Amino acid sequence: MKWGYGSKSRCRQSSVVAVAEETEGIDQVFVESCWTNLPLELLREVLMRIEDTESKWPLRKNVVACAGVCRSWRDIMKELVKTPEVSGKLTFPISVKQPGPRDTLLQCFIKRNQTTQTYHLYLSLTQALADDGKFLLAARKYRRPTCTDYVMSLDADEMSKGGGTCIGKLRSNFLGTKFTAYDCILPYAGAKLVKSRSTRLVGSKQMNPRGPSGNYEVAHISYELNVLGASRGPRRMHCVMDAIPASAIKPGGTAPTQVEFPMGNSGSSLPMRFLQSKSSLRLEKSLSGPIETQREGSLVLKNKAPRWHEQLQCWCLNFHGRVTVASVKNFQLVASPENGVAGPEHEKVILQFGKVGKDMFTMDYRYPLSAFQAFAICLSSFDTKIACE
């Protein structure tokens, strides 16, 4: 199970509809499909209707299939399919690296397998708390003597350290109280590249041999003694999003948006070029300074304070029905106000995570976080925190 446009063989099959054998039955002549030679105006109209009608998974797989027919089809589909920020839809693999919708929370869920130490992120297809879902990302936990690593992959079946579909990782300190999220692709101009051997990202060479690859710090997550100062109750979280400017949550604010994955050596069908949109090019100038300046101007998230429920005799948060099991792992993150001045944008929940079953958790996020960034933050909640519990 993996993202992508499909194998090259399937792409060829979709663009070839007739095979004529010669009399002796030895040679074969492939006839190019008439679909690849449609007038551009007609082709655009056909693909536009497919994009409009196939709005939800699993029907949305037809949109992805159209992008795999040939280059002209792919170019038009990439133009028609809007980013999650605009459409609220996750269509192509790169969608997991793009910020979510501004006005609503994109509903997802995480399945945990404690035996294999793996975690799978799915897009919810219905309003139910548990459905089949559309696979988005997977992660595997690797314990080390002094830290813990979570390697994130686009392929549910390939999460090895040398896999070519790895797109990032999360690393904790010994106590499990501080985490750093890394992206294997340059997330913004001036991003800090970690070159030390101890933090070398697995699979980065296979993932991106031609473009800028490595370990780029995109988030720092820290946990403190819970807000009650006792052994029970919600933890105190503090997330510094290095790849997102604080101005992103304000009206008219923007966050860097990756447009395409580079292609690796592992035979992956990920697109070759790593392009930048106009909005990310505008942000490049404001984010191209020293990393210290970027850190100061980065978006900071904090957990929303719960309230005490007299009847239930417990601390509660309103998850609007998306969380059903009490757990210390449950949290809601909001933007921390700059200089202590809070506005209406600081009341919006940007990410919420909570338990609904033994190994089932919901994860809902919105702009300016991407599914990749939200998943990394939620993975940190699974790790044991010696100093906080």
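Ser153 has its place in strand β6, which covers residues 148-153. The model described here is a predicted one. With a relative accessible area of 0%, Ser153 is buried.

Two partners of the Ser153 side chain can be named. The side chain reaches the backbone oxygen of Glu158 at 2.8 Å. The side chains of Ser153 and Thr165 are also joined, by a polar contact of 2.8 Å.

Helix α4, made up of residues 71-80, contains Glu79. The relative accessibility of Glu79 is 46%, so this residue counts as partly exposed.

Glu79 and Arg44 are 35 residues apart along the chain, and 10.0 Å separates their C-alpha atoms. Their side chains are joined by a polar contact of 3.2 Å.

## Helix α9

Helix α9 consists of 12 residues, numbered 371-382. At 1.5 Å a residue, the helix should span 16 Å; the C-alpha atoms at its ends are 17 Å apart, which agrees with that expectation.

How many residues of α9 are buried? The number is 12 of the 12, so the helix is largely enclosed by the rest of the structure.

## Cysteines

The structure holds 0 disulfides. Cys239 accordingly takes part in none, and the nearest cysteine sulfur, which belongs to Cys378, is 9.5 Å away. A pair of cysteine sulfur atoms would have to lie within 2.5 Å to be counted as a disulfide.

Cys239 is buried, with a relative accessible area of 0%. Cys316 has a relative accessible area of 17%; because buried means under 20%, Cys316 is buried as well.

## Cavities

Rolling a probe the size of a water molecule over the atoms shows where empty space is left. A search of the whole structure finds 4 cavities of 30 Å³ or more. The largest cavity has a volume of about 130 Å³.

Which residues lie nearest the centre of the largest cavity? They are Lys97, Pro187, Pro256, Gln258 and Gln373, out of 13 residues that line it. By class, the lining of the largest cavity comprises 7 nonpolar, 4 polar and 2 charged residues.

## Cis peptide bonds

Trp57 and Pro58 are joined by a cis peptide bond, with omega about 5°. Pro58 is found in the loop between α2 (40-53) and α3 (61-67).

Another cis peptide bond runs from Tyr367 to Pro368, where omega is near 10°. Pro368 has its place in the loop between β17 (360-365) and α9.

## Positive phi angles

Gln117 is not a glycine, yet its phi is positive, at about 60°. This residue lies in the loop between β3 (106-113) and β4 (118-123). Gln117 is partly exposed, with a relative accessible area of 24%.

His320, likewise not a glycine, has a positive phi of about 55°. The loop that holds His320 lies between β14 (314-316) and β15 (331-335). Is His320 buried or exposed? At 66% relative accessibility, His320 counts as exposed.

Conventions:
Residues are numbered from 1 along each chain as its sequence is written. This is a predicted model: local features need pLDDT of at least 70, side-chain atom pairs count only at pLDDT 80 or more; totals for chains, interfaces and linings use all residues. Side-chain values use heavy atoms; hydrogens and water are left out. On a 1 Å grid over the protein atoms alone, a cavity is a set of points where a 1.4 Å probe fits but cannot get out, and a pocket is an open set with protein on both sides within 12 Å along at least five of seven lines; lining residues have an atom within 4 Å of a point. Grid points are joined across faces, edges and corners, and a volume is the space filled by probe spheres set on the points. Ala, Val, Leu, Ile, Met, Phe, Trp, Tyr, Cys and Pro count as nonpolar, Asp, Glu, Lys and Arg as charged, and the others, Gly among them, as polar. Helices (H or I, at least four residues) and strands (E, at least two) are DSSP runs, numbered from the N terminus. The expected span of a helix is 1.5 Å times one less than its number of residues. Buried means under 20% relative accessible area, exposed over 50%, partly exposed in between (1.4 Å probe, protein chains only). A polar contact is a pair of N or O atoms within 3.5 Å; within protein, one must be able to donate a hydrogen and the other to accept it, and residues adjacent in sequence count only if both atoms are side-chain atoms.
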